[in-house]
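I opened this entry to record what I looked up in one model. The chain comes up before my notes.

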Amino acid sequence: MINFEEELKKFHPSLEVEDAEDAIYHQDLTDLADMLVKKIMGTESKSKEEQ
């Protein structure tokens, strides 16, 4: 049988939407597309400097 008092003691409320958004957006999640864009932008700026 479920002991509701014990379960209530274990309960942790979930993050609010704004807090969850902040937690998600402040993580550095660089993916392959981000790395390719950085690489392309880096080569373009280097070629402009050489001219």
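**Model.** I am working with a predicted model, in which local features need pLDDT of at least 70, side-chain atom pairs count only at pLDDT 80 or more, and totals for chains, interfaces and linings use all residues. Residues are numbered from 1 along each chain as its sequence is written, and side-chain values use heavy atoms, with hydrogens and water left out.

**Confidence.** I looked up pLDDT, the predictor's confidence in each residue, from 0 to 100. The protein chain has a mean of 80, with 84% of its residues at 70 or more. By element, I find the highest mean pLDDT in helix 1 (91) and the lowest in helix 2 (77).

**Fold.** I noted 3 helices and 0 strands in the protein chain, in the order α-α-α along the sequence. Helices here are DSSP runs of H or I with at least four residues, strands are runs of E with at least two, and both are numbered from the N terminus.

**Exposure.** I took buried as under 20% relative accessible area, exposed as over 50%, and partly exposed as in between (1.4 Å probe, protein chains only). Of the 51 residues, 0% count as buried. The chain exposes about 5500 Å², of which carbon and sulfur atoms supply 58%; the areas come from the Shrake-Rupley method with a 1.4 Å probe, and for residues only the protein chains shown count as cover.

**Salt bridges.** How many salt bridges does a search of the whole structure find? I get 2, a salt bridge being a side-chain nitrogen of Lys or Arg within 4 Å of a carboxyl oxygen of Asp or Glu. One joins E6 and K9 at 3.6 Å, N to O; both residues sit in helix 1, 3 residues apart, about one turn of the helix. E6 is partly exposed at 37%, while K9 is exposed at 62%. E7 and K10 form another, at 3.7 Å, N to O, and they are also 3 residues apart in helix 1, about one helical turn. E7 is partly exposed at 40% and K10 is exposed at 53%.

**Patches.** I used residues with over 30% relative accessible area and no salt bridge, joining like charges within 9 Å and nonpolar side chains (Val, Leu, Ile, Met, Phe, Trp, Tyr) within 5 Å. Which residues form the negative surface patch? I list E16, E18, D19, E21 and D22. Asp and Glu count as negative, Lys and Arg as positive, and His and the chain ends are not counted; a charge is placed at NZ of Lys, CZ of Arg, CG of Asp or CD of Glu. E16 lies in the loop between helix 1 (4-10) and helix 2 (17-25) and is exposed at 52%. I also found a nonpolar surface patch of about 400 Å², made by L32, M35, L36 and I40. L32 belongs to helix 3 (residues 32-50) and is exposed at 56%.
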